Amino acid sequence: MSGGASNFVESVDSVFLLSIIISVFFLVLITVMMIYFVIKYSRKRNPKAVNVHSNMMLEVTWTIIPMILVLILFWYGWVGYKEMADIPEDAMTVEVTAQMWQWQFKYETGKVADSLFVPVNKAVKLALTSNDVNHAFFVPAFRIKKDIFPGRDRAVWFIANDIEVYDIFCAEYCGLNHSAMLAKVVVMSAADFEIWLNAGNDIKPDYKAELNDNDKAETELFESENQN
Amino acid sequence: MASDAEVIGTNRHEPSYLDYKGKHSGIKGWLLSTDHKRIGILYMIGILTFFFVGVFLGFLMRLELIAPGETIVSAETYNQLFTLHGVIMIFLFIIPGIPAIFGNFFLPILIGAKDVAFPRLNLFSWYLYLTGGTLALLSIVLPGGPADTGWTFYIPYSVRTGTNVILPLSAAFVLGFSSLLTGLNFITTVHRLRAPGMTWFKMPLSVWSFYATAWVQVLATPIIAITLMLVAIERLLHIGIFDPALGGDPVLYQHLFWIYSHPAVYIMIIPAMGIVSEIIPVFTHRTIFGYKFIAFSSIAIALFGSLVWAHHMFTAGMSDAGQFIFSLLTMIVAIPSAIKVFNWVATLYKGSIDLAAPMLYVLAFIFLFSIGGLTGVMQGVISINIQFHDTAFIVGHFHYVMFGGTGFAMFAAFHYWMPKMFGRMYNRKLAKIAFWFVFIGFNFLYFPMLVMGWLGMPRRYYDYLPQFHPYHLISTIGSWILITGLIIMFYNLFKALRSGPVVTEKNMWGGETLEWQIDTPPIHENFTEIPVIEERPYMYKDNDPPVEKEETV
């Protein structure tokens, strides 16, 4: 493992961790105070309440501190986003076409596949289009997601860090079989990728053996639907 | 708060609004009544009915998701279920929710008025609500079946699907008018009908929140009405507006949709915050901490909340400037909510706290709304939003805000105001038992969604990969606990209506706002004499604890 499955994992997860720490801190603070007050000032223990109207110092404190914290979070989120938005020019391009309810990946050599095969440690740019309705390309392990609209060119990029297989989901609701619009990202060594890329379209990749029967059945279902 | 509390409404010869006989009697006396209290109850019947339908649909969805693959329904039915669940819960339950029931019933009373500014318009709004509700349900029985687009009706799918999209669209359109007219009514009422001496800063905090909400309703609702009409035109006449196949722009649709639907989130939550601000001083029996900060934060939320819509679209593509501004504003809108939470918690300090059912729901509100709010802040952070967007995390988040927030505040309001509205008391012990079921069930149901969302479980998925199974299973079990709690709660409330102990005392909780100084249940025009207001609400000058009264059957 080298800092997560893709180049974005480290920065996204560190902001996520920071936001979790801040959130848990405030949640615990609020909850503990509530429980403490409810016990300490219960009507039994404290039959006569004391009025406290307001305290300017307190109001300013609990406005300024959260404000600073959210601005810090905002900034790290923005920096992380910029990283995702700026696609390096030397990236290898794969054309991704989404349509109800399948993915198609087309390589510069003309090779077409139903899974995304990529070399490890290399910037990959996905040029995203849709043939029908809105979809969204989502690889949770890579922390990337992009909405795809018909008639618009969208793009997303990443560098995969490990030789591994990951899930691709469609994340924008697209009708009947939205939840079956799945595929895999298969990360290969540079050498293996070259061999795969230069082999013909009809070669069924080895990774399919690793998948369970359920996935296989789904894949076959897509293929048969596709032919109809 | 009023100087001559003894004089107000002591005349027991006047019948309560429930027994009042006007021009019409019987069922007509209700269906044609312009009394804001009767209209509030009409709304209550409608809104609760739709709530139960929505809960049942949600129950079916959770049951389907208990295991991967087909469990009880087909994919098409599931897609229709979540669409209908969303449309009903949002447009028919939570948007009208608190303002339509409790705003109608209590807003005039809280400001010392006899009714809202436009009583007939008020009744008309209820008929619009009923029409909209009927349209939404009609799609179930008509050919084509209910829509399967999700409550967001995203184009182009909503233009292409063969299901009945026009009906729920027109339902939302008609309901929009109902909401808009209610807002208009409330704004005018607050401006024109406050009792003598009730200056702006002597208004109860729930009035502030109804007022802020009403402005959002009036300003934002026309946009969704126009948008939905454009979709209907596009579907019927094939004029290209949003559909790229006809030369339209699908992202334009998303902008227009969220320009309304994000402020709508604040239409849903601000009244709930008003309820919380109302209940806490009563059950701590002390003055509210930071009255002005709470009042102004309602306005600030309404203001900033109208400028953050595009945070629903960080993955949809905007200019970098757009992403920057919308993320920044989204983070800032969290601050007024945080201010409210801190002030509420500070109000517990040195109080004399009575953990009655309304207070339990309010404390749960603060906890659940904090989770909802903090997960909301996380989503304002663009880089992690990209991971969360359109996953179960979002579903968990907005249920924490809408159900854990607004829903729980509404439950609090039922337990708080029901004795006043109907002159009947529920079983207090059973109410607390129901609370624990609802609270625990809620967290089992929605917390796993936050976790699996981060792990990549997309939303609106009929089926899912095996790694998500444990979370879905826990979530479904949670839904059973929650529904058990709801059944106990509403059994308790309905039983109280029929055979609960009669309450005639005016002030059963020791509150200091005006509704506690009039008869229980209130008389036809609330006050025999309009009160003169001299002080801010929630003063609790002597802090003497209210006398505990034993339940009598």
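This is a predicted model: local features need pLDDT of at least 70, side-chain atom pairs count only at pLDDT 80 or more; totals for chains, interfaces and linings use all residues.
A:Ala136 stands opposite A:Asp147, a residue of strand E7 of chain A. The facing residues belong to a pairing of two strands: strand E6 (residues 135-139) of chain A and E7(A) run in the antiparallel sense and are joined over five bridges. In general, strands of a sheet pair through backbone hydrogen bonds, in either a parallel or an antiparallel manner.

The sheet around this pair can be followed next. Five strands of chain A make up an open sheet, with the order E4-E10-E9-E6-E7 and mixed pairing. Its edges are strand E4 (116-119) and strand E7 (144-148) of chain A, each of which pairs on one side only. On average, and with direction ignored, neighbouring strands of the sheet are turned by 20 degrees against each other.

Elsewhere in chain A, two helices meet. Helix H1 (residues 9-40) and helix H2 (residues 56-85) of chain A have axes that come within 10 Å and cross at roughly 165 degrees. Because angles over 145 degrees count as roughly antiparallel, H1(A) is roughly antiparallel to H2(A). Their crossing is left-handed. On the H1(A) side, the residues in contact include A:Val15, A:Leu18, A:Ile22 and A:Phe26, while those on the H2(A) side include A:Leu69, A:Ile72, A:Tyr76, A:Gly80 and A:Glu83. By type, the residues of this contact are 11 nonpolar, four polar and one charged.

Chain B holds another helix pair. The axes of helix H7 (residues 166-192) and helix H8 (residues 205-237) of chain B come within 7 Å, with a crossing of roughly 155 degrees. H7(B) and H8(B) are therefore roughly antiparallel to each other, and their crossing is left-handed. The residues of this contact divide into 21 nonpolar, six polar and one charged.

B:Ser370 sits in helix H12 (residues 357-380) of chain B. Is B:Ser370 buried or exposed? Its relative accessibility is 6%, so B:Ser370 counts as buried, the cut-off being under 20%. Apart from neighbours within four places in sequence, B:Ser370 is in contact with B:Val341 and B:Phe365, and with A:Leu27 and A:Ile30.

Notes
Residues are numbered from 1 along each chain as its sequence is written. Chains are lettered from A and ligands numbered from 1 in the order in which they are written. Side-chain values use heavy atoms; hydrogens and water are left out. Axes are lines fitted to C-alpha atoms, for helices over the stretch in contact, and angles run from 0 to 180 degrees between N-to-C directions. Helices (H or I, at least four residues) and strands (E, at least two) are DSSP runs, numbered from the N terminus. Angles under 35 degrees count as roughly parallel, over 145 as roughly antiparallel, 65 to 115 as roughly perpendicular and the rest as oblique. A crossing is left-handed if the near helix is turned anticlockwise from the far one by less than a right angle, and right-handed if clockwise. Contact means heavy atoms within 4.5 Å. Ala, Val, Leu, Ile, Met, Phe, Trp, Tyr, Cys and Pro count as nonpolar, Asp, Glu, Lys and Arg as charged, and the others, Gly among them, as polar. Buried means under 20% relative accessible area, exposed over 50%, partly exposed in between (1.4 Å probe, protein chains only). Two strands pair if DSSP finds at least two bridges between them.
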